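Morning, everyone. Please put the sequence and the structure up side by side.

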Amino acid sequence: MGSELIEAYKKTRTEYKTAFYYTFIISLLIHFYKFTNTLPNRDSVLNFYSDQNMLRSGRWALSPACGISSYYDLPWVNGIISCLFIALTAVIIIKIFRITNPVLIVLTGGLLAASPATSETFFYLFTADGYMIAMFLAALAVCLTTIEKKKKRYTIAGILCVCVSCGIYQAYVSFSLLLTICCLIDYLLCNGYQKQEYYRWILRQVVVYVAALICYYLIWKACMFFTGTAATSYMGISSVGKIDLRLMADSLKSAVRTVLLYFVQWNFFKSGITLYAFLDTLLFLALGVETICVCIKTGLFKRKWSVILLALCVLAIIPAACMWKFTVSENMDYRPMMLQGLTVLFILTGVIFEKWGRSISRNAIGILLALIIFNNALMANISYFYLNLCNERTYAEGLEMTMEIHDMEDEYSFNTIAFVGNRLEEVMQQNIKSNSNPPIISDRNHILNGLLTTTLLYDPEHTMKYIKEIFGVHYKTLNKESRNAYLEMEEVKEMGCWPEAGSLKVIEDTLIIKLSDEKE
């Protein structure tokens, strides 16, 4: 039993084993703090247990993907499975770019493991394993349809991989697209194929992505039809498939801003140039200069069609990274976790310098990539530090609320609890204005601070869910309309806001706990 597997393992190329083991270990070391602690964020509070049925959001394959690790929020289990698929993705990328240098192999795994996209995905650890499966499938699709693989079965397999990856989480189509674009750049610089071969391969890629997205869309519509489900309007998902040419220019501007902010920083004018921005800027300046030098060295500029294709690749990077802005909404909020594909550009930099750079420049870029990995890992752990602070504050606040509720039980009779008001804006302002040491949100942590808050108890939904799951407080609750209606009552308007005195009051058979004067 298993002897065939052992033989297959022995025959596996050394670089693939190196990529898998080192990427897994690096991923584990960087995110160990998150995997071995309960560090919930806003969405985690609502997903202590969830089947991840996100059909309304177009993620019809997410539930099966997350089902591998159960539907519980299990940090260690979800984390280990996520690391496994990050490692497998690294192996695929090593194969695609034909990387054999062990140093670059380790750096490639480190870039995937430490990228801000990976770290923010681990904020949602309850679904991260499913997302990492989507990333693996996205990379596998490119590996199955490389320029030398011309058989139809590879094309069909690539279509299926992109389709399922999109069904898990749509953002990983961009990962696949950017990996394809970087492959073409590598092919062009190597100049190892005839012009017609490039054109046929590009046509084949168009077929793969168009067919995959059509299949994704048809499966989604079929699933909604048979289950009687309607698409959500969240982030404009319900408008997928509708393309408004008038908004294309606005979408392009928004995409450019999103990508530049990801590489440079979110608050450049407020905080100045951070180490993150400096390292990224230095790397891409080096990439641009080296690419031009390679084009001169290999005579690429003498082949007009190669120059045109290379220019189109560069121009396509930003639209590919933010492709859903062009089909959903230009105002779609692209967070770092949706921009995982941009990590491939860092890997491509290492590949280009490894193949064409001089010894000094190769070593310099290797050191620069190592610094980027270290800095990204540091940002990830700073984020986890703040998640822990938030969790401690939330637990203390939830415990205080629970004690107040029990005190009210001794004096009054009620069977319903209504938390009213929304203080999210107030909580976010605390993040910005805080002068505490350490600060609530550090400028050092600019890329990943979008979902970090001082407390998770900022609205009725999160507050009720938290004290129910953590402290076992079970009462009837009211819907959003009924809760907002209470805010219109004079006696509620006169109440203080939590944690002020007078922020709890029993009206008829309902205990009102006022969080804020702002409606949900």
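Start at Asn-191. It counts as partly exposed, because its relative accessibility is 32%. The cut-offs are these: buried means under 20% relative accessible area, exposed means over 50%, and partly exposed is in between, using a 1.4 Å probe and protein chains only. Asn-191 sits in the loop between α10 (172-190) and α11 (195-227). Its phi is positive, about 50°, although Asn-191 is not a glycine.

Before I go on, a word on the source. This is a predicted model, where local features need pLDDT of at least 70 and side-chain atom pairs count only at pLDDT 80 or more, while totals for chains, interfaces and linings use all residues. Residues are numbered from 1 along each chain as its sequence is written, and side-chain values use heavy atoms, leaving out hydrogens and water.

Gln-52 lies between α3 (42-45) and α4 (62-67). Its phi is near 55°, again a positive value in a residue other than glycine. Is Gln-52 buried or exposed? Gln-52 is buried, because its relative accessible area is 6%.

One more loop. Pro-499 is placed between α21 (490-493) and β2 (504-507). A cis peptide bond joins Trp-498 and Pro-499, with omega about 10°.

Let's step back to the whole protein. How many helices and strands are there? The protein has 21 helices and 3 strands. Both are DSSP runs, numbered from the N terminus: helices are H or I with at least four residues, strands are E with at least two. Of the 520 residues, 55% are buried. Next, contacts, meaning heavy atoms within 4.5 Å. Take the contacts with a separation of 6 or more: 79% of them are between residues 24 or more positions apart.

Now a helix pair. Two packed helices are described by the angle between their axes and the distance between the axes. Helix α2 (residues 14-35) packs on helix α6 (residues 102-114) at about 35°, and the axes are 8 Å apart. Axes here are lines fitted to C-alpha atoms, for helices over the stretch in contact, and angles run from 0 to 180 degrees between N-to-C directions. Which residues of α2 and α6 make the contact? From α2, they include Thr-18, Ala-19, Tyr-22 and Ile-26. From α6, they include Ile-105, Gly-109 and Ala-113. The residues of this contact divide into 8 nonpolar, 6 polar and 1 charged. Ala, Val, Leu, Ile, Met, Phe, Trp, Tyr, Cys and Pro count as nonpolar; Asp, Glu, Lys and Arg as charged; the others, Gly among them, as polar.

Stay with α6 for a moment. Thr-108 lies in this helix. Thr-108 counts as buried because its relative accessibility is 1%. Leave aside neighbours within four places in sequence, and Thr-108 is in contact with Ile-93, Ile-94, Ile-99 and Ile-347.

Next, Val-91, in helix α5 (residues 75-97). At 16% relative accessibility, Val-91 counts as buried. Leaving aside neighbours within four places, it is in contact with Tyr-16, Ala-19 and Phe-20.

On to α15 (residues 304-321). This helix has 18 residues and reaches 26 Å from first C-alpha to last, close to the 26 Å expected at 1.5 Å a residue. That expected span is 1.5 Å times one less than the number of residues. Where is the kink in α15? A kink of about 30° lies at Leu-315, shortly before the proline Pro-319. The bend at a residue is the angle between axes fitted to the seven residues ending there and the seven starting there. Buried residues of α15 include Trp-305, Leu-309 and Ile-317. Ala-316, also in α15, is partly exposed, with a relative accessible area of 25%.

Last stop: Thr-402, in helix α17 (residues 359-411). Thr-402 is buried, with a relative accessible area of 5%. Not counting residues up to four places away, Thr-402 touches Ile-467, Phe-471 and Val-473.
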